[in-house]
Amino acid sequence: MNWKTFFAMLARDAHVARRNAMQLFLQTFLQPLLFVFIFGRVMVGSGYMRPEYKSLLLPGIIAISMTFTGVWAVAMPLIAEFQWTREIEDRLLAPISVGWIAIEKVIAGMLQALVAGLVVIPLAWLVLRPGVEISIGTPLTFALIIVLVAGFSSCGGLALGSSMDQQHIGLMFSMVMTPMIFFGCTYYPWSALNKFPILQRIVLVNPLVYASEGLRAALVPQFSHLPTTAVIGALFFFDVLLLVVGLRQFEKKAIT
Amino acid sequence: MAVGVRTQDLRKVYQSAPPLGAGGGFVMRADAKGAKQPPKGQIPALDGLSLEVLAGEIFGLLGPNGAGKSTTIGILTTRVRPTSGQAWIGEHDVWKEQAEVKHLIGVVPQRPNLDFSLTAREILVFHGAYFGIGSKLRNERADGLLEKFKLTERGNQMVRGFSGGMMQRLSIARAMMHDPQVLFLDEPSAGLDPQTRILLWDIIREYHQAGKTVLLTTHNMEEADALCERIAIVDHGHMIALGTPAQLKASIPGGFLLRLRFGRQTAELLERLQALAGVREVRVLDTGGKLLNATGGGENGPAEHTGVDVYADRGGSLIPEIASLAASCGAELSDVHISEPSLENLFLHHTGRSLRD
C-alpha cells in the first residue's frame, strides 16, 4: 500500500474542497437551515407545532445534512470525472491499486460529511434557540454513530457515482435522495409511523432511518427511538454493503 | 536504465461499445469482408497482437481509427483488461504488478483528461505528489516543465479555459512529471497547430535522447516517418507490417503508386499496363474506390470499373506511356495521382484502404 500516493490524493481533495468552500457551504446548509427556520421557528412560534418539535427535528436535520454531503461529495465528482472531464484517469494511473483510489474518495467524503454534521449542530441550534434540549449523554456512542452515518453516506455516494450516468443525475435525486429523505424518519420519529404498520416496516430498508434514529438516541434520548444497538448494527451493515457494492462498481468503471 | 515493452498474443473483445478512454474513436467496420462475425454485441478490438518495443526506442503504432491502437495502449497502461494474452513493461507483468508498472510509465491520452478543479501548475505538482516526489523537487520540476511547454504565464490559471493545444501540452508535461521510463502518447499531435506539433516532436526526441522509451500511436504517416525508429502497422487488431520507416517503404512493390482513372477500361488495357517497364503490380478498384480481388476485375467484368492502382518503380515518367497506351486501347485517361514511396502507400498496399478511410 502506497500511503504517500493515498495522502497526496486526500490532499488534492482537501485542496479542491477548500477552494469551493463557499459553494459547498451553501449547498450543504442552506436547505436544512431554511427547513429548520420554517418548521422550528415559524410553525412552532405560531403555535401550529408543539415546542418539543424543535428538539425532535434537530437530529433529523443533522442526518440529512450529513447524508446529502457525503453522497454529493463522492457521487457528483465521480460522475463528472468518469464521464465528462475524465480527470480521474490521472489518479487511476498513480502508483496505487484502483481499490484504494475508491477508498480515498470514501474517506474524503466521510470527512466532509463529518464536518457538515458538526457544523450544522451549532448553526441549527442558533436558528432554533431557545427551547432546544439536546445533550450528548454518551460521547462515544455519538461519535460512533456519526462516523457510521458519514460512512454510509460516503459509501452510498461511491456506489451511486460509479453506477450512474451523467444524464441520470436528476433522476438520482428525485428517485433516490428525495424518497430517502422523506421516508428517512428525519422530520418525525420512527414511532410516528405506528399507525402505518406496513410503511413502518418498509422504511427499515432505508439507511437514513437508522441515521436519524441513532442521532435521536444520542442527542435527544427523551423521545422514543429505535434501540441504539439495532441502529449501530444496521448502520454497520449498510456501510459494509454499500462499500462492497461501491468498490465493485468503481473497478468496473475504472478498468474496461 | 531503459525499459522495453512487450506484448504476447493480446486479444481484447469488448462486450459493449468501448468507452472513449480505451478505444477512442473506435468504429465498427461494416466492410470487414472475410472477418469472422463475432457474436452480437461483442466487439473485437485486438486479435492476437504480439509486439516488442526495445528499450530506448521510439516506436510507432500506425493504423486507421478502430485498428486497436488505443486498446493496445490501454492494456499496457493498466486501463483496459485484455481478454487474453500478456503484456510486460520491462520485467513487470502489467496485470500482476500494476503499481510497479504505473511507476515506470507516463501516459498522454488521446483526449485531454486534465483535473478541471486545479490550476495548470497544481496539476503538475499534485501529479508529482501522487508519485511520491518530495515537495521541493516537484515544485522545481513543475516550473521547469511549464517553462519548457511555454505555459509559465498560464501556470496559475484553471485549465477549464485552456485551448485544445494548451491542454495537450499540459497533458504531456504531466506525463513527464515523474520522469517515467516509458512514455505512451496516444495520437499526440491530433488537433495541434503545426508550430506546436514541431515543439512536441522536439520534446519527444529530447526525451528519447535521455534514454527513454517512447510508444506513440498515430494515423499520421508524416509523424510516424519523422519520429519513429520502428513502426508497426496495425489494422483490425492485427499487425500487418513491422520495421523501420525505410524498410517498410522499401517493401512496397516499386515504391511509387500511380492512382489512375480511365473513361472505360478493358482487359487488354490492364494486361498492357502490367507489361510496361517498371510496373510491379496492377490493382483494379471498383467505382467506390475499393480494391477488387484480382487484376482484371470483379463479377461484373472490367468495364464497370474505372480506377486502377499501379505500383511501379518510377512515377511521372510512366505517364506519357500510360496515356498513349490508354488512347490506343480506346480508354481515355481521365485522372492521375502520383505518390512517392510513403507509409500511406504501404498501408493501402496491405489493406486496400487508405489510412484516412
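Of the 357 residues of chain B, 47% count as buried, a residue being buried if 20 or more other C-beta atoms, placed from the backbone, lie within 10 Å of its own, exposed if 12 or fewer, and partly exposed in between. The model is predicted: local features need pLDDT of at least 70 and side-chain atom pairs count only at pLDDT 80 or more, while totals for chains, interfaces and linings use all residues. Residues are numbered from 1 along each chain as its sequence is written, with chains lettered from A and ligands numbered from 1 in the order in which they are written.

Chain B holds twelve helices and 14 strands; helices (H or I, at least four residues) and strands (E, at least two) are DSSP runs, numbered from the N terminus. Among the contacts in chain B with a separation of 6 or more, 74% come from residues 24 or more positions apart, where contact requires C-beta atoms, placed from the backbone, within 7 Å.

One open sheet of chain B has four strands in the order β2-β1-β4-β5, with antiparallel pairing; pairing calls for at least two DSSP bridges between two strands. At the edges lie β2 (43–53) and β5 (92–93) of chain B, each of which pairs on one side only. Strand β1(B) (residues 5–14) and strand β4(B) (residues 84–89) are joined in the antiparallel sense over five bridges, and T7(B) stands opposite A87(B) in β4(B). Helix α2(B) (residues 69–76) packs on this sheet, where it touches β1, β2 and β4 of chain B, and its direction makes about 115 degrees with that of β1(B).

Turning to the two chains, their contact takes 22 residues from chain A and 26 residues from chain B. On the side of chain A, the elements that give two or more residues are α1 and α4 (88–92), and α1(A) gives the most, with seven residues. By class, this side of chain A has ten nonpolar, five polar and seven charged residues; Ala, Val, Leu, Ile, Met, Phe, Trp, Tyr, Cys and Pro count as nonpolar, Asp, Glu, Lys and Arg as charged, and the others, Gly among them, as polar.

Helix α1(A) (residues 3–19) packs against helix α4(B) (residues 120–130) at an angle of about 150 degrees, their axes 7 Å apart. Axes are lines fitted to C-alpha atoms, for helices over the stretch in contact, and angles run from 0 to 180 degrees between N-to-C directions. The two helices are therefore roughly antiparallel (over 145 degrees). T5(A), A8(A), M9(A), A11(A) and R12(A) of α1(A) meet F126(B), A129(B) and Y130(B) of α4(B), a set that divides into six nonpolar, one polar and one charged.

Terms used:
Parallel < 35°, antiparallel > 145°, perpendicular 65-115°, else oblique.
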